[in-house]
Amino acid sequence: MASSSGSLARNAGRGNTTADDIPAPALWELTGRSPDDLAVEDAIRRVSWRELEDRTNAVGHGVEELGLEPGDHVAVVAGNRAEFVEAILGVQRAGMVVTPLKTSWTAAEIDVVLADAGTKLVITDVDAARRAAGDRGVAVVDVDEFEPWLARQSTKPHPSARNGWRMSYTSGTTGRPKGVVHPWSGKSTFSEAFVRSTTWAQAARLPGDGMHLMASQLFHGAPLTFGLAALGRGAPMRIMPRWDAAAFLEHLAGGVASTSLVPTMFRHLLALPAARRAAADTGSLRTVLH
């Protein structure tokens, strides 16, 4: 039986079923980009907006095939890779509630959230999350086997009325982690919320005409929110596999217009040799959030 956080998430995720015959607009239509423009890239793959549209729809249909319904909860415990973004967006497009969890958590720590949220599915590439899901009898989609799973799914657009959303959990510094459900959580369709995120992205000076560099772990709430808002404006997302100050300077080349850093990252950058810092190509960088 789901706890209070799980019940609230499920109730907030219910969409308007009377409009289930109207397909949601494509992601490139929401962002004003061409289908063949770059949307997401990591150390291995480059994903166009057309591919991101198809793959996120496939994630949603695959989750439905496993028996989940709008409002059900999904946990994502995965490293910095394009599949993380595809999973987060795909689950929401299907009308479900998704929570990214720290990849450094133990199986016991992950289990606390699975129990509290009434989680129905874990999408992961982390052994601890596989164990936690197995011990609780929760279904698992292994990100290391993502491609054959996606290939079996439909890429048909989901209904526009699906109200999927992302639920954060507190870090647990004052007790067990708690699910954060706002009064507005799950009240808007995914498409509406995705477009609306661009309003504050503009206020935060996140440009939509240059690349946004994801330097932090994707499970961190603020950097992920910033990155998805920039993506909503049409900015392609470049994902670093892990934080490395020298590699960060190299990643800035090639049209990076914005990024998000924490104070420790600034210290690491300042610790690099002055000549190394001076040689960095920062000509396109306009916004650094911290």
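Trainee: How many cavities of 30 Å³ or more does a search of the whole structure find, and what makes a set of points a cavity?

Mentor: The search finds one. The model is predicted, with local features needing pLDDT of at least 70 and side-chain atom pairs counting only at pLDDT 80 or more, while totals for chains, interfaces and linings use all residues. Residues are numbered from 1 along each chain as its sequence is written, and side-chain values use heavy atoms, with hydrogens and water left out. On a 1 Å grid over the protein atoms alone, a cavity is a set of points where a 1.4 Å probe fits but cannot get out; a pocket is an open set with protein on both sides within 12 Å along at least five of seven lines. Rolling a probe the size of a water molecule over the atoms shows where empty space is left.

Trainee: What is the volume of the largest cavity, and which residues line it?

Mentor: The volume is about 50 Å³, a volume being the space filled by probe spheres set on the points, with grid points joined across faces, edges and corners. A lining residue has an atom within 4 Å of a point. The residues lining the largest cavity are Ala 24, Arg 93, His 158, Pro 159, Ser 160, Arg 162, Thr 189, Phe 190 and Ser 191. By class they are three nonpolar, four polar and two charged. Here Ala, Val, Leu, Ile, Met, Phe, Trp, Tyr, Cys and Pro count as nonpolar, Asp, Glu, Lys and Arg as charged, and the others, Gly among them, as polar.

Trainee: How much space lies in the largest pocket, and which residues are closest to its centre?

Mentor: The largest pocket holds about 740 Å³ of space. It is lined by 24 residues, and Gln 92, Trp 165, Arg 166, Trp 184 and Ala 193 are the closest to its centre. Two or more lining residues come from each of helix H4 (82-93), strand S7 (165-166), helix H8 (190-203) and helix H9 (221-232). These elements are DSSP runs numbered from the N terminus: helices are H or I with at least four residues, strands are E with at least two. H8 gives the largest share, seven residues. The lining has eleven nonpolar, ten polar and three charged residues.

Trainee: What lines the second largest pocket?

Mentor: That pocket has about 210 Å³ of space. Among its 15 lining residues, Pro 100, Lys 102, Tyr 169, Phe 219 and Gly 221 are closest to the centre. Strand S4 (97-100) and H9 each give two or more residues to the lining.

Trainee: Why is Thr 259 called buried?

Mentor: Buried means under 20% relative accessible area, exposed over 50%, and partly exposed in between (1.4 Å probe, protein chains only). Thr 259 has 0%, so it is buried. It sits in strand S10 (residues 256-260).

Trainee: Where do Arg 130 and Asp 127 lie, and why is Arg 130 called partly exposed?

Mentor: Both are in helix H6 (residues 127-136), three residues apart, about one turn of the helix. An α-helix has 3.6 residues a turn, so residues three or four places apart point the same way. The closest N and O atoms of the Arg 130 and Asp 127 salt bridge are 2.5 Å apart. Arg 130 has a relative accessible area of 23%, so it counts as partly exposed; Asp 127, at 48%, is also partly exposed. Both belong to a network of salt bridges whose members include Arg 45, Arg 81, Glu 86 and Asp 144.

Definitions and conventions. Salt bridge = Lys/Arg side-chain N within 4 Å of Asp/Glu carboxyl O.
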